[in-house]
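Q: Could you take a close look with me at one part of this model? I would like a connected account of the place where the chains meet.
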2 protein chains.
Amino acid sequence: MKAEVVTIGSEILAGLIPEGNFRLIAEHLASEGVAVTRHTVVPDEREALGSVLRAALGRSPLVITTGGLGATPDDVTRRVLASALGCKLIFRESLLAELQEKYRRRGRVPSPALEAMALVPAGAQPVPNPVGMAPGFLLHAESSLLCALPGVPAEMEAMLTATLLPLIKREGGGSLVVETLRTAGIPESVVYERVAPVVGEEVSVGYQPSAGRVDLRLSVTDGEKGRAALVATVRRLAEALGPALYGRGRVTLEETVLEMLQRVKRSLAVAESLTGGRIGAALTQVPGSSAVFRGGVAAYSDAAKQRLLGVSERTLARHGAVSAQTAREMASGARRALEAEIAISATGLAGPGGGSAEKPIGLVYFGYSDARATKAFGVRFGGNRELIQQQAVTVALNLLRLALIGRLDGLVPSASRQAAQDR
Amino acid sequence: MKAEVVTIGSEILAGLIPEGNFRLIAEHLASEGVAVTRHTVVPDEREALGSVLRAALGRSPLVITTGGLGATPDDVTRRVLASALGCKLIFRESLLAELQEKYRRRGRVPSPALEAMALVPAGAQPVPNPVGMAPGFLLHAESSLLCALPGVPAEMEAMLTATLLPLIKREGGGSLVVETLRTAGIPESVVYERVAPVVGEEVSVGYQPSAGRVDLRLSVTDGEKGRAALVATVRRLAEALGPALYGRGRVTLEETVLEMLQRVKRSLAVAESLTGGRIGAALTQVPGSSAVFRGGVAAYSDAAKQRLLGVSERTLARHGAVSAQTAREMASGARRALEAEIAISATGLAGPGGGSAEKPIGLVYFGYSDARATKAFGVRFGGNRELIQQQAVTVALNLLRLALIGRLDGLVPSASRQAAQDR
């Protein structure tokens, strides 16, 4: 089965609102074997929307629209959608009653605006909205299925997974099979060199690099045979990628290190300078991180490094804040200050100001400290402030991961050299 | 002038790569008065790309494509693009020489793959790439202008601003005029109630809510008269929105508070619990933040709150970590520990675990401390862990902003109540 997605939103085209639904839809459809062949963003205008919808329904067995199902004055697309499909809008008394009841349960007085949401194209089946107010609808049109969902990503995703995906599954799904392999610590060019020779013709592979991490997306389309080829390819890739491969599927690097820490029952602290809190923020984004994460110190100033982390004045004077020595003292200091068994640190120059010939922008030192040893590694990143900070988060977390699998000595310096050369 | 954007990328359609160019293009074009009327994402396939391109060139005077201009094996679109336009690819010797020279300057050995990048459709003018390798091209086709740019956002944006935007400007630009007003602290429904009555018919308005912030995008299309209406509307809106309006144009809340601190020469420290470093990360994302930001403590555990911030054991035992008292002691403790003149704090429950009837998930206390006073405010947020953390960052920064303009007492409690009710 193939699908198209039509996003309805003048505000997205005006650059005001980011398009936040497409990737979620594509990932969910892929997990049911359905490939998306086109995505179109159109304004909330009758003519443009009508022609895009008719063309999509003529081409694809499944068309999903997002947006324009609310009841605010700019949500005119319910009407435009019905007229584009050549059917009338029917007022559903029972739907209105449900919406009013929902409002009352939330302690709000039902507003007359709800009536607009109870309008559904003739012949359509309403799709309940478990998160917000606006219902969607399913409609068979021109031998295709149209599924209209709201534009708020959390609502759209809940309705997609509760109603549309089970429907696709019942109908047998598609023949696309996908697998994602996630790597960190080696640049895209090196990932490519290792991956290309071991991937056969029957498997498609896509590379998604982002700030020191590279995701590999593998897909096959032809059922049994393809599935076997995919399994064999994944096995060869795991060998070729070695410890750079940290996970499969949707797992993140943050989740991976937190799970590893939980497994070995070790607590963690972080000491950050150039990242200003990003490493801690990345870790605490994961639910349940409090089980191992003790806290962090964003020691942006030298005084803070001394007072909170116990970095010595002599180290700062002799080697500077951006040095292996400071990174080491930050890590061991964070371990003491936050009473954690393991600590990592990052200190460097994110720019745009403050670089020198000796210590250029992008130079970052990372520290790792546990009961047995404290080490530091230097890396030189390219890119702007944002990219340098993002890459620093990846390398800090990856350093921790490699330490936990006992590959710190063997791998980090070479990964660092590569990271320093790349970009 | 109107434009369409065509994104070429099978990997984007497969949900592997996020589409990262469209919003940048729409914003830049809007700043030159050009409205985008459609955005289509198509796979790297001759037939689909060809039909989309021909339709776009038939409809719109300007068509911008992104993606598929590199030299890796999956970048076949240079060829597909030429064939879709019905023209031959010409090998440009001088372009190859430039690319080879660029490689040498970066200390790399020119690769044979560069030859693919020196292929340009007949009649096209190459667009230099000041950031990366792959050049783009400009081509007049079917009375429209086609501009092909690479898919890496940093490269695409550099080429757009260096080559295409000046060209649009020389040709007089478009008639669209836009203005963005940024608000924080009041929910979208309240922004709407205040905005709707003072915006005239000639001005279009779009609302973009995100985690406690609401951006208003105003646009007019008809030159002189529209411009005057826009200026008058912005004046009325500034009055209607009051202190909730924190900025205009591209300025962020983070930049606003950092600029205010710099103006009054005050240093800042943060103490975070549920946000785990996000407030510090948001502030240090801004270049130059080190001038006022001293650092932060992410005191995720009670022990860290005591040791690093001096929160008393009695306070934690009597009121708990999520309380106004703890928020106050965290803020004053951060001020002392990081030797800053002002400190803000946030402590709360981000979930999904750990809530109770008395202290439900989403309950967050914020502290503010300066030499004269230390205060705390409680807010109850809706949404999941991610949304609760994001909203907490907004409210913490907005609290600081309101304190700096002397509106802390008057505004925060009401904004808090609203935030607690909303969502």
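A: Happy to! Please keep in mind that this is a predicted model. The contact draws 59 residues from chain A and 59 residues from chain B. On the side of chain A that touches chain B, 28 of the residues are nonpolar, 18 are polar and 13 are charged.

The two copies can be laid over each other: a rotation of 180 degrees, with 0.1 Å of shift along its axis, superposes chain A on chain B with an RMSD of 0.1 Å. The copies are therefore related as by a two-fold rotation axis. Both copies use the same surface, as 100% of the contact residues of chain A recur in chain B.

Now for the strands at this contact.

Take A:Ala396 as an example: beyond its neighbours within four places in sequence, A:Ala396 contacts A:Ile279, A:Ile344, A:Ala346 and A:Phe366.

For the setting, chain A contains 16 helices and 17 strands. Of its 423 residues, 48% count as buried. The C-alpha trace of chain A spans about 80 × 55 × 40 Å along its principal axes.

Notes: Residues numbered from 1 in each chain as written. Chains lettered and ligands numbered in written order. Predicted model: local features only at pLDDT ≥ 70, side-chain atom pairs only at ≥ 80, totals over all residues. Contact = placed C-beta atoms within 7 Å. Nonpolar A, V, L, I, M, F, W, Y, C, P; charged D, E, K, R; others polar. Least-squares fit on C-alpha atoms with pLDDT ≥ 70 in both. Helix = DSSP H or I, 4+ residues; strand = E, 2+ residues; numbered from the N terminus. Buried ≥ 20, exposed ≤ 12 C-beta atoms within 10 Å, placed from the backbone.
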